[in-house]
Amino acid sequence: MDNLSVEHLIGIRDLTKADIDLIFSTADNFKQVINRPIKKVPSLRDITIANLFFENSTRTKLSFELAEKRLSADVINFSASGSSVSKGETLVDTVNNILSMKVDMVVMRHPNPGAAKFLSDRIGARVVNAGDGTHEHPTQALLDAFTIREKLGTVEGKKVVIVGDILHSRVALSNILCLQKLGAEVMVCGPTTLIPKHIDKLGVKVSHNLRHALEWCDVANMLRIQLERQDIKYFPSLREYSMLFGLNKEILDSLSKEIVVMHPGPINRGVEITSDVADSKQSVILQQVENGVAIRMAVIYLLAAKIERQ
Amino acid sequence: MENQVILNSKQFELTINRLCHQLIETHGDFSSTVLIGLQPRGIHVLKRLKSRLEIILGKEITCGNLDITFYRDDFRRREKPIIPSTTNINFSIENKNIVLIDDVLFTGRTIRSGLDALLAYGRPNRVELLTMIDRRFRRHLPIQADYVGKTVDSMISERVAVEWKEIEGEDKVLLLYTVEGNG
């Protein structure tokens with residue numbers, strides 16, 4: 001088996017198709033592990049990992065922490081609130097202080113795009129990007145593609161539409177890059193104001209009509225409206241957004257084929273997706289969460305394999 | 001030096017037959033015994049034993065495959081990580097008698113990992129070890145096999161290869177002279 005071609009996981013942009021395939025085949029094995037009576041392997045017992053969350057998170061943080069513990073790594077957690085960050089410490093200083101406690105790997109979420117790359121250029125530990133602002137969220141894209149592969153057998157040739165706040169979404173960018181590397185066709189759909197200009201340069205189709213997009217696709221990935229990143233109003237009201245771009249049972253049942261419904265969470269029920277759709281059998285939202293642990297175990301395992309012993 | 005054939009296909013078949021009868025001596029009708037092959041090469045020994053045992057006993061024998069990659073003690077000590085294979089244990093091992101099966105017993109490290117990996121599935125009653133080839137005096141750990149196809153005295157620089165009709169085209173066991181040598 002070959003190693004990953006990268007030392008850090010900053011974004012999907014840096015990965016090759018072979019890297020993604022390697023992560024998936026490793027995750028297949030870890031998925032078996034986490035469905036056993038003893039859900040733990042001893043591989044990383046001499047590795048210490050710091051989870052640095054400068055931005056709120058539930059799923060990703062828990063998922064990373066669980067993945068690390070299932071690999072037997074030692075884990076330390078840090079959240080920006082209640083830390084010395086509010087006393088004016090810089091990112092590099094904060095991280096170097098943590099690293100002097102002999103940490104081998106850093107999992108970081110940060111509100112600034114490029115923060116993971118910035119850090120990886122300046123510290124000795126491996127960096128896994130758990131979301132950097134509106135830039136990338138690579139493990140989410142990997143687990144989304146892994147879930148599609150599990151549900152439909154393959155990603156190649158499938159049509160995936162990403163609906164919602166594409167402008168502010170790191171999930172959207174990582175998903176587009178990941179799905180394209182695996183040979184899927186990608187469309188983005190949302191109000192004109194929430195679709196970045198020139199996004200077609202990435203080779204994606206653009207639609208402003210939800211029904212048209214859903215008729216085209218095999219998989220619909222519904223994104224949340226990221227109100228916390230929106231400094232101005234991008235559409236008149238949530239009610240209007242929900243009427244035009246919300247996925248409900250009525251529109252889902254009227255389609256000519258059964259599509260797979262995904263959502264990276266957190267869900268705003270009644271806005272981008274209604275409860276009956278989120279809980280329907282076409283929805284794979286909870287499988288995505290389960291696969292998240294397996295994917296993160298695979299990423300951490302493969303990066304840790306490249307850490308030299310002292 | 002030339003490569004040396006330790007077992008030819010005739011001796012190979014006799015050995016498999018003998019191992020089957022030794023297993024039957026201890027485990028009778030296999031009502032509470034399961035066979036577990038270690039990935040990747042142990043499963044070929046397992047397949048051969050299983051089909052032979054089923055002919056002799058006229059009943060199906062419960063078998064599984066166990067992958068030990070994540071339990072190895074040489075993680076981060078190798079140039080490249082090892083490719084994981086699938087584990088396939090679709091039954092409870094609780095209170096079962098288990099026979100772990102591998103092709104070559106050398107340093108004993110694989111078996112040590114195999115025991116750890118196995119115990120993640122439950123608490124068996126008893127675990128035994130069957131190996132096609134035992135390279136004796138080469139152990140790094142205090143581990144011995146209960147059933148041995150053939151014992152071989154070898155140098156570290158030598159390598160023992162168990163070849164299979166299904167894969168390499170002929171059943172045989174070879175002693176290979178290599179520069180680096182391995183298990």
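A:S283 sits in the loop that links α10 (275-278) and α11 (285-304) of chain A; helices here are DSSP runs of H or I with at least four residues, strands are runs of E with at least two, and both are numbered from the N terminus. The model is a predicted one, in which local features need pLDDT of at least 70, side-chain atom pairs count only at pLDDT 80 or more, and totals for chains, interfaces and linings use all residues. Residues are numbered from 1 along each chain as its sequence is written, while chains are lettered from A and ligands numbered from 1 in the order in which they are written.

Is A:S283 buried or exposed? A:S283 counts as buried because it has 21 C-beta neighbours inside 10 Å (buried means 20 or more other C-beta atoms within 10 Å, exposed 12 or fewer, partly exposed in between, with C-beta atoms placed from the backbone). Leaving out residues up to four places away in sequence, A:S283 touches A:V261, A:V277 and A:A278; a contact means that two C-beta atoms, placed from the backbone, lie within 7 Å.

Now let us turn to chain B. Its secondary structure comes to 3 helices and 8 strands, running β-α-β-α-β-β-α-β-β-β-β from the N terminus. Buried residues make up 38% of the 183 residues in chain B. Of the chain B contacts with a separation of 6 or more, 68% join residues 24 or more positions apart.

Finally, look at where the chains meet. The contact takes 15 residues from chain B and 17 residues from chain A.
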